[in-house]
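The sequence and structure follow.

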Amino acid sequence: LLSHPLHMSSQVRQRKQVATLHSTTTTTIETQENGPVGGFHWSLWVLLCIENWVLDFGRPILALYVSVSFPLSLPSIGDYCHLLYNVITALILINLLQRSLTPVPKIIQDLLTIFFVMGASIHLVGDSFSHRLIHCGYQLHLSVRDNPIIKNLSQPCLINSFELMYFYDEKMGHELWYIPLFGTYLVYFYGCFSDSKVSATSGYSISYFVLLIMSVVYHWYLVTEGQLIEIFLISLFLMFVILIFNMSRQKYIDINGVFLLLLNTGTLFLVIAWVSYLWDDPVLRVKYPSLLYVPEPWSYWSLHHF
């Protein structure tokens with residue numbers, strides 16, 4: 001028997017209502033899990049700020065003052081902090097890329113994460129060795145060959161070995177660490193633009209700006225201690241290029257993009273103030289003879305500590 005047309009129409013309407021309810025429920029669940037599109041990613045930015053301050057900035061302090069009771073032949077508490085930093089930061093950066101308004105290809109996410117972990121791990125070994133040398137009288141504000149404990153070595157090959165260790169610590173480790181970090185910021189920043197203007201005009205609060213200030217101060221330390229001012233300046237320049245390009249297309253930046261832009265701009269002003277303060281320092285000028293003179297904070301500490 002054929003069904004009545006009114007009965008069939010009722011069934012169609014019921015199926016449409018069920019489908020609409022399912023779609024609405026799915027969207028609500030995704031919004032609760034991932035946050036609204038264009039919303040500020042509080043969980044990621046706050047976690048990143050906390051672990052940066054504790055596990056990266058606090059790491060050398062723990063290695064120098066808390067790890068004195070640890071045997072120098074074993075990893076210190078600072079080394080374990082560095083290990084945790086490598087893992088946690090990589091996971092945060094992956095989640096940040098996954099929340100981009102513009103989908104990021106999986107291969108780019110994988111390459112950025114692999115190189116970041118590899119560079120940070122190389123730095124972990126070299127930095128751990130450097131902290132052992134500080135306990136033996138190594139002075140950070142002097143070059144490797146100018147350090148008294150290095151001059152006392154009788155074998156020239158040992159001096160070359162210490163310079164190789166310094167290269168892995170301060171050069172290769174930093175480059176493979178910071179280039180993927182700022183590269184991740186750039187890739188995510190590129191996806192912070194949309195046709196909606198609402199996301200760029202809401203969400204600001206006192207907590208937002210407190211988090212911004214804390215992040216700016218840490219990134220000042222990151223740029224100066226990492227000695228990669230060129231990478232930072234190129235990254236900041238490309239951010240403004242991306243901003244101008246999207247503005248020309250009538251695209252609006254969201255609150256996360258504003259946060260990254262203010263973060264890097266504020267870091268630049270702090271770096272300029274730091275360089276101006278130490279511009280005429282005769283000792284640090286010898287160690288940092290390059291055109292872009294940016295002394296390391298720990299070298300400044302070493303200069304006034306020893």
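## A tryptophan and its helix

In which helix is the place of Trp298? Trp298 belongs to helix α11, which covers residues 297-305; helices here are DSSP runs of H or I with at least four residues, strands are runs of E with at least two, and both are numbered from the N terminus. Trp298 has a relative accessible area of 13% and is therefore buried, a class that means under 20% relative accessible area, with exposed over 50% and partly exposed in between (1.4 Å probe, protein chains only). Between Trp298 and Gln139 there are 159 residues of sequence separation, while their C-alpha atoms are 9.9 Å apart in space.

## Basis of the model

This is a predicted model, in which local features need pLDDT of at least 70 and side-chain atom pairs count only at pLDDT 80 or more, whereas totals for chains, interfaces and linings use all residues. Residues are numbered from 1 along each chain as its sequence is written, and side-chain values use heavy atoms, with hydrogens and water left out.

## Overall organisation

The protein chain contains 11 helices and 2 strands, and from the N terminus on its elements follow the order α-α-α-α-α-α-β-α-α-β-α-α-α. Of its 306 residues, 43% are buried. Among contacts (heavy atoms within 4.5 Å) with a separation of 6 or more, 78% are between residues 24 or more positions apart.

## Packing of α6 and α7

Helix α6 (residues 156-190) packs against helix α7 (residues 206-226) at an angle of about 145°, with the axes 11 Å apart; the axes are lines fitted to C-alpha atoms over the stretch in contact, and angles run from 0 to 180 degrees between N-to-C directions. On the α6 side the contact is made by Glu170, His174, Tyr178, Leu181, Phe182 and Tyr185, and on the α7 side by His219, Leu222, Val223, Glu225 and Gly226.

## Asn264 in helix α9

Asn264 lies in helix α9 (residues 255-277) and counts as buried because its relative accessibility is 2%. A polar atom of the Asn264 side chain is 2.8 Å from the backbone oxygen of Leu260. Apart from neighbours within four places in sequence, Asn264 is in contact with Phe182, Phe232, Leu236 and Met239; Phe182 is also one of the α6 residues in the contact with α7.

## Cysteines

The whole structure has 0 disulfides, a disulfide being a pair of cysteine sulfur atoms within 2.5 Å. Cys49 is buried at a relative accessible area of 9%, and Cys81 counts as buried at 10% relative accessibility.

Note on methods: A polar contact is a pair of N or O atoms within 3.5 Å; within protein, one must be able to donate a hydrogen and the other to accept it, and residues adjacent in sequence count only if both atoms are side-chain atoms.
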